[in-house]
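The sequence and the structure are shown first.

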Amino acid sequence: MRITFLGTGTSHGVPVIGCHCPVCSSADPHDSRWRSSLMVEKDGTRVVIDTGCEFRLQALRSGIGSLDGVLYTHAHADHLMGLDDLRVFTSEEKRLPLYSFGDVLDRISACFPYAFADYAYKGVPRLEKRVVEEYGTFSIGSLRFQAIPVLHGMMRIAGYRFGSAAYITDVSDLLLETNARYLQGLGLLVIGALRSRPHWSHFSFDQALENARKLRPQRILFTHISHETSDAEIRRRYAPEAYPAYDTLTLEVDDER
Ligand SMILES: [Zn+2]
Ligand SMILES: [Zn+2]
Ligand SMILES: [Zn+2]
């Protein structure tokens, strides 16, 4: 199975509009971070997790020509607002399935009601809600996922496990007392880590690492990174135990270990 980071930035994206800080002015391409999203591919099946504001640009950059489904972690704008560009992957005959918890899908359809209508205006995206329960498993083509609830501030949102990898962004509590058993044997843990300073609804780098350690994954990658710390600085501080992911990074991931 192959994963590609379509974006690794926090809600503003990096560079931030109007910001002239060293990271936003950096010449290092790793310091350009579009809104966080991941593509997962296996044996001809391709899905993405979240469709942020740059989804169209991300799809073009990574040459996405087809999609079999979209998973949503939650309905915050930076994970959702590219949804309309899913229309190219749908037709009147073929609705594209969207997977998440019921309340997340309800927020999505409240934002984009026209994409779920029975009698839709021609040319709109034709989407279908597939509700997933907490810890529920589901298959899309040759890919199999489990939805794992975590806390993002006060909100329960979805992380996803697939094969030996887990993708958990926008997290401030991994709920390890319950979740540790679902996150054993990880070859790769992708975990949201915003910045050095604490934040009420996101792990800092130290908090992400401290929690990730308890799961003993073979490899830890940070995502959803802000403009406060450069890619080089994160590497300097945390490698080889953890690394910052970066836009367009592609990795092979094992099936279950
Ligand atoms: Zn976010
Ligand atoms: Zn900046
Ligand atoms: Zn969020």
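Seven strands form an open sheet with mixed pairing, in the order S7-S8-S9-S10-S11-S12-S13. Strand S7 (137-140) and strand S13 are at the edges, and each has a single partner strand, so one side of each is left without a neighbour in the sheet. S7 pairs with strand S8 (residues 143-152) in the antiparallel sense, over 4 bridges. Ile140 has Leu143, in S8, as its bridge partner. Here two strands count as paired if DSSP finds at least two bridges between them. Strands of a sheet pair through backbone hydrogen bonds, either parallel or antiparallel.

The model is predicted; local features need pLDDT of at least 70, side-chain atom pairs count only at pLDDT 80 or more, and totals for chains, interfaces and linings use all residues. Residues are numbered from 1 along each chain as its sequence is written, chains are lettered from A and ligands numbered from 1 in the order in which they are written, and side-chain values use heavy atoms, with hydrogens and water left out.

**Overall architecture**

The protein contains 6 helices and 14 strands, where helices (H or I, at least four residues) and strands (E, at least two) are DSSP runs numbered from the N terminus. Its radius of gyration is 17 Å, close to the 18 Å that the globule rule gives for 257 residues, so the protein is as compact as a globular protein of that length. That radius is taken over C-alpha atoms, and the rule is 2.2 Å times the number of residues to the power 0.38. Along the principal axes, the C-alpha atoms fill a box of roughly 55 × 45 × 35 Å.

Of the 257 residues, 56% count as buried; buried means under 20% relative accessible area, exposed over 50%, and partly exposed in between (1.4 Å probe, protein chains only). Among contacts (heavy atoms within 4.5 Å) between residues at least 6 apart in sequence, 63% join residues at least 24 apart.

The protein exposes about 11300 Å², of which carbon and sulfur atoms supply 50%; the areas come from the Shrake-Rupley method with a 1.4 Å probe, and for residues only the protein chains shown count as cover. There are 29 positive and 32 negative side chains, and the centres of the two sets lie 1 Å apart. Lys and Arg count as positive and Asp and Glu as negative, while His and the chain ends are not counted; each charge is placed at NZ of Lys, CZ of Arg, CG of Asp or CD of Glu.

**Backbone geometry**

Most residues other than glycine have a negative phi, and most peptide bonds are trans. The table lists residues that depart from this pattern, by backbone angle.

| Residue or bond | Angle |
|---|---|
| Val14–Pro15, cis peptide bond | omega about 0° |
| Ala239–Pro240, cis peptide bond | omega about 5° |
| Asp50, positive phi | phi near 75° |
| His224, positive phi | phi near 60° |

Pro15 belongs to the loop between strand S1 (2-7) and strand S2 (37-42). Pro240 is in the loop between helix H6 (231-238) and strand S13 (243-244). Asp50 occupies the loop between strand S3 (45-49) and helix H1 (55-61), and is buried at a relative accessible area of 0%. His224 is in the loop between strand S12 (220-223) and H6; this residue is buried too, with a relative accessible area of 1%.

**A helical residue**

Thr178 is part of helix H4 (residues 176-179) and counts as partly exposed, at 43% relative accessibility. A distance of 9.6 Å separates the C-alpha atoms of Thr178 and Pro149, which are 29 residues apart along the chain.
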